[in-house]
Amino acid sequence: MTDPLLIPCPHCNGLNRIPATRLGDQPKCGRCKASVLSRTPFELKQADYASQIKGDLPLLIDVWADWCGPCKSFAPIFEQAAQQLAGRCRLAKLDSEANPHLAGQLGIRSIPSLILFKNGREIARQSGAFPLQQLLEWLRSAGV
Ligand code: ZN
């Protein structure tokens, strides 16, 4: 028996304990009953940030803006990554226009920017869009 993983719910920020063996079974949140793990990126907001960076599964944040062309072309790649990484990494999108304070707090200088968190700490960061294979390799080298 391994210890359960602590995973925040993307809908209500409730912290769930989920056995590693159940990660593929579409676990439901103990508080709001929504799916804790999704195969699509969820939207991260300022108010959720502190809760969402916690937990034992890494969280990859894509910082983007509506006016940014490269961000838009990167969006489908990020969605494919969410499919491939389901159960291993959580993926979230941060709209830097709608959350300027958080973008400033994260020290975002250019977009798209990718920031990887684990257990509340930033463990890796990259600027610019890149192909899916390169994205997955970068995450692998960061331990995802
Ligand atoms: Zn919930």
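When I say contact today, I mean heavy atoms within 4.5 Å. Hi everyone, and thanks for coming. What we have here is a predicted model, where local features need pLDDT of at least 70, side-chain atom pairs count only at pLDDT 80 or more, and totals for chains, interfaces and linings use all residues. Residues are numbered from 1 along each chain as its sequence is written, and side-chain values use heavy atoms, with hydrogens and water left out.

Let's begin with the sheet. Helices (H or I, at least four residues) and strands (E, at least two) are DSSP runs, numbered from the N terminus, and two strands pair if DSSP finds at least two bridges between them. In this model, 5 strands make an open sheet, ordered S3-S5-S4-S6-S7, with mixed pairing.

Strand S6 (residues 113-118) pairs with S7 in the antiparallel sense, over 6 bridges. There, isoleucine 115 has arginine 125 in S7 as its bridge partner.

How many residues of S4 are buried? Taking buried as under 20% relative accessible area, exposed as over 50% and partly exposed as in between (1.4 Å probe, protein chains only), 5 of the 6 are buried, so S4 is largely enclosed by the rest of the structure.

Now the helices. Helix H2 (residues 69-84) packs against helix H4 (residues 132-141) at an angle of about 50 degrees, with the axes 10 Å apart. Axes here are lines fitted to C-alpha atoms, for helices over the stretch in contact, and angles run from 0 to 180 degrees between N-to-C directions.

Which residues meet at this contact between H2 and H4? From H2 come Phe74, Ile77, Gln80, Ala81 and Gln84, and they meet Leu132, Leu135 and Leu136 in H4. By class, that contact of H2 with H4 has 6 nonpolar, 2 polar and no charged residues. Ala, Val, Leu, Ile, Met, Phe, Trp, Tyr, Cys and Pro count as nonpolar, Asp, Glu, Lys and Arg as charged, and the others, Gly among them, as polar.

Last stop, the hairpin. Strand S1 (residues 5-8) and S2 pair in the antiparallel sense over 4 bridges, and proline 8 has leucine 15 in S2 as its bridge partner. The hairpin has 6 residues between the strands, and asparagine 13 takes a positive phi near 70 degrees.
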